[in-house]
Amino acid sequence: RTSAPTDVCAAFSALSLLPALLAVPMSSSSWPFDGSSQLGDVEAPHALVRAAASVARVTEVPGARAQRELVFFATGPDHTSVLMTKNALAMLRTVGLGKHALVLADSDDTCSAFAGGRCVWSSRVLREKPADSITNNKFWDWRFKFYYVKKAYLSRLVAGGFSVIQADTDTVWSHDPFPALRTMGASLVVMREYPTIANAGLIYARPGSVEARDLLDEVAWRVQLFQHYPEAVRRVVHFASPPYYANSDDQTILDDVLVSAVLRNRTFLGSTARFEASPRYKPAGPKWDLLPDARLLRAARVAFWRAARYPGMTIPWLNGTLPDGCGGQRYADGAFGATTARCGRASRVQSFPAFGLGSSSDLVGIAPRALFALMPYSDLNAVTHLTAARGFSAKKARLKQIGKWFVEEREAPADEPPRGGGA
């Protein structure tokens, strides 16, 4: 106790030196505590919004608030994924979006492959498999590590006032899609997938209703829940038993969340229950087609499509001609059994399926093919997703065939396995 006065004096002496210490130039391992970050980790406070603001294009919209627009990619650390991302960035330059892309990576080391400061990384990206489930054990790769953060960050960017296209890197860019997206009365626009609903490889979101942003947050929550807590499946699937499949694929989850949001009734039937009755991975379990849940899923999807309305939008780059290779190609719509021209009309004004979100006047829309398309490729479609080309080599070959491969490449390290090259 007798040493206390000495300690107090020492403390006051140190405080008297504080102004001088603050005036000393900081080392490279220090920076002002003002919300900036030298680490590139978008989990740092304000870092994601600051990074987006540095690349976003500001577009004035008559009679409305200016839009801050950007494209949001994610890349894995392997050589082929980095190559595919670099090629996607090169394609963006051909449509005037080269300076307006943000790449999300798993580490600062991966970001070092990209020049220009438009790559950020997240300490929230998973490094290890978080739990034992059939999905995690059978399919775990770098794409699953990003499923949560991509949707969570998309929601965060929208909350920050940005209009964002979240896109896989195995996409072909032929036109700037933002002018068409601005004409849609929907703050959330997804790509069509067949025979289900949506493809998570292309999603557009802009500031709109809370209900639309909640939809993105719901997808992120479900991904995180089932990746980390597979046993939660038994809370939402009455017949589930261990080992749990615990599907955490963002695309199937997006389908269920869209149906839930439009019908105002949360469902886990298509993305969770159906996989817990997988004959391939759970042969001892119940047969999906014999369960009442299967009939409920079909009914829910029919009700979803019947809720559609068809507002119009403008496709600035279309001139009224059908895209090459599209004549006569058709698909069957699983919801109504109707037959529709797969490539869509080529007129400048097109309708698109849109759905109300509760009491909000906002809509979620499904993009026409001229905006977001699956293969076959046509240069009249703004963005084409190469989902059907399986693996990096097939995707690169297709890109070379259509004159859209722009990067020089080196041989991958011998210990680095080839990957798909799209996320």
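Asn381 is located in the loop that connects strand 15 (372–374) with strand 16 (383–385), where helices (H or I, at least four residues) and strands (E, at least two) are DSSP runs numbered from the N terminus. The model is a predicted one, in which local features need pLDDT of at least 70 and side-chain atom pairs count only at pLDDT 80 or more, whereas totals for chains, interfaces and linings use all residues. Residues are numbered from 1 along each chain as its sequence is written, and side-chain values use heavy atoms, with hydrogens and water left out.

With a relative accessible area of 1%, Asn381 is buried, a term that denotes under 20% relative accessible area, as against over 50% for exposed and partly exposed in between (1.4 Å probe, protein chains only). When neighbours within four places in sequence are left aside, Asn381 is in contact with Ser174, His175, Arg369, Ala370, Ala373 and Pro376, contact being defined as heavy atoms within 4.5 Å.

The protein contains 14 helices and 16 strands, and 53% of its 423 residues count as buried. Among the contacts in the protein with a separation of 6 or more, 70% are accounted for by residues 24 or more positions apart.

Helix 4 (residues 79–94) comprises 16 residues and reaches 23 Å from its first C-alpha to its last, close to the 22 Å expected at 1.5 Å a residue, the expected span being 1.5 Å times one less than the number of residues. Helix 4 is mostly covered, with 13 of its 16 residues buried. Just after helix 4, Gly96 adopts a positive phi of about 80°, and Gly98 lies in the loop between helix 4 and strand 3 (101–105). Gly98 counts as buried at 9% relative accessibility and, not counting residues up to four places away in sequence, touches Leu92, Arg93 and Arg118. The C-alpha atoms of Gly98 and Leu70, which are 28 residues apart along the chain, are separated by 9.7 Å.

Helix 9 (residues 210–228) has 19 residues and spans 26 Å from its first C-alpha to its last, close to the expected 27 Å at 1.5 Å a residue. The buried residues in helix 9 include Leu215, Leu216, Val219, Val223 and Phe226, together with Glu218 and Arg222.

Helix 13 (residues 292–306) comes within 10 Å of helix 11 (residues 250–263), axis to axis, with a crossing of roughly 60°; axes are lines fitted to C-alpha atoms, for helices over the stretch in contact, and angles run from 0 to 180 degrees between N-to-C directions. Helix 11 and helix 13 are therefore oblique to each other, given that angles under 35 degrees count as roughly parallel, over 145 as roughly antiparallel, 65 to 115 as roughly perpendicular and the rest as oblique. In this contact, Asp255, Leu258, Val259, Val262 and Leu263 of helix 11 meet Ala300, Arg301, Ala303 and Phe304 of helix 13. The contact residues divide into seven nonpolar, no polar and two charged, with Ala, Val, Leu, Ile, Met, Phe, Trp, Tyr, Cys and Pro counted as nonpolar, Asp, Glu, Lys and Arg as charged, and the others, Gly among them, as polar.

The axes of helix 12 (residues 269–276) and helix 13 come within 11 Å and cross at roughly 160°, and the two helices are therefore roughly antiparallel to each other. Leu269, Gly270 and Arg274 in helix 12 meet Asp293, Leu296, Leu297 and Arg301 in helix 13, and the residues of this contact divide into three nonpolar, one polar and three charged.
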